Amino acid sequence: MNLYKKNKSYLNSKVYINAAIESITQFNPFSVVKNPVLFLVEVCLIIMIFLCVNPNLFGPSELTKFQNIMITSMLFLTILFSNFAENVAKNLGKVQAESLRIVHGDIEVKKVNLDGIIEYVFTSQLKKDDIIKVQEGDLIPLDGEVIDGIASIDESAITGESSPVLKEPGTDVSSTVTGGTRVLTDWLMLKVTSEQGETFVDQMLYMTQETERHKTPNEVSLNATLIASTITCLLSVLTLAIIINYLKLKIEIPFLITLLICLIPTTISSLLVPITVSGFDKINLLNILAISRKSIESCGDINYLFLDKTGTITYGNRMAIEFIPVGSYSIKDIAKFAYLSSFYDQTPEGKSIVSLAKRYGINIDKRDIKGIPHEFSAHTRMSGIDLESGEILRKGAVDAIIKLIIGKGGAIDPQINALVEKISIQGGTPLLISSSTNIIGLINLKDMVKGGIKGFFEQLKGIGVTTIMCTGDNSLTAKVIAEEAGIEKYISQAKPEDKIKLIKELQDQGMMVAMIGDGTNDAPALAQADIGLAMNNGTSAAKEAANMIDLDSDPTKIINIIKIGRQLLATRGALTTFSIINDTVKYFALLPSLVPIAAMEKINLLRLECGFPAVISALIFNTIIIPAMTPIAINGVKSDKLTPNEFMARNMLIFGVGAVLIPLVFIKIINVFIGGLT
Amino acid sequence: MIETTFTLLAIFIVLVPISYLIGEYIANNIVKYCPEKNEGKLGLVSKIEDFIFTICGINKNEKMNGNSYVLNLMIFNFIIGTVCFLGIYFQAHIMAAKYNIDTPSISQIFHTVISYITNTDQTHITPETNLTPLSKWFIIPVLMFTSSATGLSAAVVIMRGIILGFIGSFYVDFFKFLIRILMPLCLITSFLFLIFDTPNTFTTLVEFKTIEGEKHIFQVGPAAAFEAIKLLGQNGGSFFNTNSAHPFSNPNFITNFLQIIAMILMPTVLIYTLGVLLKNNKEANILLIALYGLLVIEILAVSYFELQNVEKFYGLINNAPNILGKETRIGIPSTSIFITAASCVSGATNASIESFHPFSSAIFLFNLIYQGLLGNQGLGFISTLTFIIYTAFMIGLMIGQSPQLYGRKIEKREIILTSIILLINPITTLIGTLIIILTYGDTYTSIFDKAHYFTSVIYEFQSACSNNGSGFDNLADTMPLFNNLLSITMFLGWYLTIILAIYLAESFSKKPIISTESNYVFKTDTVLYALLLLFVSITITIIVFFPFIILGPIIEMIET
């Protein structure tokens, strides 16, 4: 994902100006000390500033003040660029929320008291469960749930979608509003669900600011590596200095400082924070609220994904897909009987039967249906109509109808049993239609798998994640749905405790488990899973138990989350490798031209001009590589559908081999250029 | 070059099957730690073992934690070390009447004991004139066996910690290695040496007349037995001062061939043990291909440099290869293989390292700093593993997964411990080298001599820290300061590494195993992995190594 492109509307000069201003204030040694590598650069910078004033501070030196100033300014730029990279990344995230900042100040809102009187209060005075009214043009101050009214809302500040969204009470998705969005038309009554400082925007801002305080385990261990590498480099340069002194050769102090700066991993140290911050920004751009950064990084490790069948894999409503006549009846007859018996059935199944019958051309006006309707009830598990013509039409669950017919003294054709079984095996739910004591036909109800969902599971499989479908259905139905959706594993007749048990079992085997859920009964499983992704339209119990909330309630986004998690780590790894190899190569290129023995020319493979030109070329390269790599740090390395070994090989080719060639070529070019100048 | 290649091929043909068998045996009988199961298989050995365990009060099922493993290992080593120190200190008073022995100074004895108990065998004394037969026949071999079994135990602990998830008991590991591995292998090897003319006798002194007619007294003894543990235990300290260059130590081409195999046997075995434990022999083969690939390239380079005409350096006859300091009965190719392999694993030497081509000594120096290229007994394996940990860390980051090694996560604690293990070498050697150079280095005036002195001193310290033990022979190294600094370096290089490795093992053992069932896992039994491992390890080594090679061997090379 290209953060720059996606963020085009936010990317104005303001980001860069702010970043530049903040970069300068960050020269304060106390703010640099958290990054040991940059701290070392700053220490060197201070020594160099003294040397600028008096080049002979540590004994006679052949370097001019101007040459010292050039080296000093390069060190200065190194720190500046690194601060700048960090601030650009931070500001990209901040700007996104910037427009909502106004919410942070107290604004006046119309609070509706218990007796219905409107009172003007400030946002900070609002408590959870207070009722407020928002009107056309108002900013919605806090997250809330719509309890009355209907209005169109501009959510572009949060989602980036410019088309307005309709909000009304009583539905899942469209009855929650997010603080920071704006009412375009009409009015809404809202119940406040979060107090000030807890809204999505608040958390987003908070996470952006928190990036340094809580490092993820991977960051901590990478930092340890960088510190170890810095100590080695420091030792190496110190020894070099002493040995050169012992050999009675002379080397300028600024040259040693340059060597040290070129050797320590400045590139990756400067880019660590930008990489992490931009990973976080990408998650936010997806409209996902993550509770911690650690959870984003662990997303890359997920082996298993738990999904509820209903709502995610299927539409959730069983629909009539087929009428099966028995005996001498034609399909059209059955369609007509099904239509009549379901007309007063208000359940989604009943409605789907009516609409399927309509496709067979059955369309009887309500006034033409004469008889006593029997509505569907969970108790009888059937519906129907006693027609004036005397026919008693019933439609319902297999065992209910059979019981009814046997009760009336009828008999069941064995053919019916065979048909019922056939439908079950295909994953459908059979319903029987009876007229008086005869079964006249069957209806095949089926839960429809969402279009395109198969591709989603294939993609998941491609990135190494096994999906497990949880469903309350019997195993036959579950199997058919799983096959249709391309899922290998499923658990049928699952109770909430079964889910937790299975998640625990998998975790004990060392698996990382993600769970997507929205219901209150999913909450324990969401909490148990390593990654719990709750849908925004889910219950608040689910949202509280989860460590990520998807504001768009789109479960397929899990793929993007996993990819972002992996990309974040991979970018960090690739740039670390690049930085360290780059440094080693610079060292090779530079050292022979530093040791002042004529014969060293033999191993000066780059044929750099010895002394100052070589030093300043390496240093310039070392400095400009930081801004040059910043876009990669922010956009991330490409992570296509590759196996880990292919991915590794590609990254090594680009960032490993590249790190060997780039410094050699560019240092030589800069050296020739500088040689031409002097 | 052709001779070198064929000798190498012969070595691998013998080495690989033997190492695999021993590796499998170690994995099943020592690492897996289930004494009950294998009792029927090796009745006699188990009985001897049980007898020793009963006498010493060792519980063979005990599972120590990291602290108690470290504590027991240190106490045991301390006791052995102290006893041996006193033994050498009072050697003149115990059955030494007829030998004319100069008991060395305290700093010399201290250095010798530390050197042998840390498997370094940096011998600053002359075994023939400074040690009585009693010291040489009993005290030194005891130290050699102790250090060898200690190192192997540490290697086993880290394998257990990472793969099996527990630590084990030091005494059980120690005695099992002694009884099941080192003693039988040494017995077989010394018989082989004996067959191929290495002397072995209980006579202590031989008198003979030289060509000039002068009477000469010569100290002899169980050389074949001594050579066996010297090489198998990767100790490297010989019965004779000139080590394997001595005709009684290494009489001919065949013993030389056997000595090379004995020298690199245990590191190879440990890699196969790892493979058996991982149930993935392909991975062990890949690791060995990576390590031996590098070694073979080095050997070919060394024999190429040694076959060059080096008139420039040592003023030899035009168009002759560099035979200076080499034994003609062994020849340049076999000497090159022997010395290059020895620079990886032990201080055994069959030629004068000092008179090798500067580029060859640069390669030896590289091996000392690398440490994990086969490496010293047990410790080499630990060093290889630190590179493996770093490689796994890098792979994890680069493919976007939390880094893990054999199913256990690599986190802060593991990385810090690994980094400290890697930092021991540069820190101790650099400090030691600088002190010595600044104290004694002013006697040299020309830049060539200074560079050569620097190379010798850094080599000495690197060899001490990586517990190798080889050194440049003309270096004046018997000053108390030098001895003591080297003792400290050896002590840290050996025990600090072992202690950190045990804690590293403990830290890994407490982590839950992550499944590697998913298809998004990096496959480690591939050539790509071998390349990455070499890449990571060489990069790490080069950062430390580069300034030295520039200022030592390369200045020597160019400034003449």
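Helix α15(B) contributes the largest share of the nonpolar patch, three residues. The model is a predicted one, in which local features need pLDDT of at least 70 and side-chain atom pairs count only at pLDDT 80 or more, whereas totals for chains, interfaces and linings use all residues. Residues are numbered from 1 along each chain as its sequence is written, chains are lettered from A and ligands numbered from 1 in the order in which they are written, and side-chain values use heavy atoms, with hydrogens and water left out.

The patch covers about 430 Å² and is made by A:Ile227, A:Ile231, B:Ile427, B:Ile431, B:Ile435 and B:Leu481. Two or more residues each come from α8 (217-246) of chain A and α15 (412-440) of chain B. Patches consist of residues with over 30% relative accessible area and no salt bridge; like charges are joined within 9 Å and nonpolar side chains (Val, Leu, Ile, Met, Phe, Trp, Tyr) within 5 Å. Accessible areas were computed by the Shrake-Rupley method with a 1.4 Å probe, and for residues only the protein chains shown count as cover. Helices (H or I, at least four residues) and strands (E, at least two) are DSSP runs, numbered from the N terminus. B:Ile427 lies in helix α15 of chain B and is partly exposed, at 31% relative accessibility. Buried denotes under 20% relative accessible area, exposed over 50%, and partly exposed the range in between (1.4 Å probe, protein chains only).

The structure holds nine cavities of 30 Å³ or more, and the largest cavity contains about 640 Å³ of space. It is lined by 36 residues, of which A:Thr225, B:Tyr390, B:Leu422, B:Val536 and B:Ile540 are the closest to its centre. A cavity is a set of points, on a 1 Å grid over the protein atoms alone, where a 1.4 Å probe fits but cannot get out; lining residues have an atom within 4 Å of a point. Grid points are joined across faces, edges and corners, and a volume is the space filled by probe spheres set on the points. At least two lining residues of the largest cavity are supplied by each of α8 and α21 (558-590) of chain A and α13 (358-370), α14 (379-399), α15, α17 (480-509) and α18 (527-559) of chain B. The lining of this cavity divides into 22 nonpolar, 14 polar and no charged residues. Here Ala, Val, Leu, Ile, Met, Phe, Trp, Tyr, Cys and Pro count as nonpolar, Asp, Glu, Lys and Arg as charged, and the others, Gly among them, as polar.

Over all chains, 15 salt bridges were counted, each defined by a side-chain nitrogen of Lys or Arg within 4 Å of a carboxyl oxygen of Asp or Glu. A:Asp583 and A:Lys586 form one of them, at 2.9 Å from N to O. Both residues lie in helix α21 of chain A, three residues apart, about one turn of the helix. A:Asp583 is buried at 1% relative accessibility, and A:Lys586 is buried with a relative accessible area of 1%.

In chain B, B:Glu411 pairs with B:Lys511 in a salt bridge, with the closest N and O atoms 2.7 Å apart. B:Glu411 lies in the loop between β4 (408-409) and α15 of chain B and B:Lys511 in the loop between α17 and α18 of chain B, so the pair ties together parts that are 100 residues apart in sequence. B:Glu411 is partly exposed (25%), whereas B:Lys511 is buried (14%). Salt bridges with shared partners join B:Glu411, B:Glu414 and B:Lys511 into one network.

Methods. 1 Å grid on protein atoms, 1.4 Å probe; cavity = no way out; pocket = protein on both sides within 12 Å on 5 of 7 lines; lining within 4 Å.
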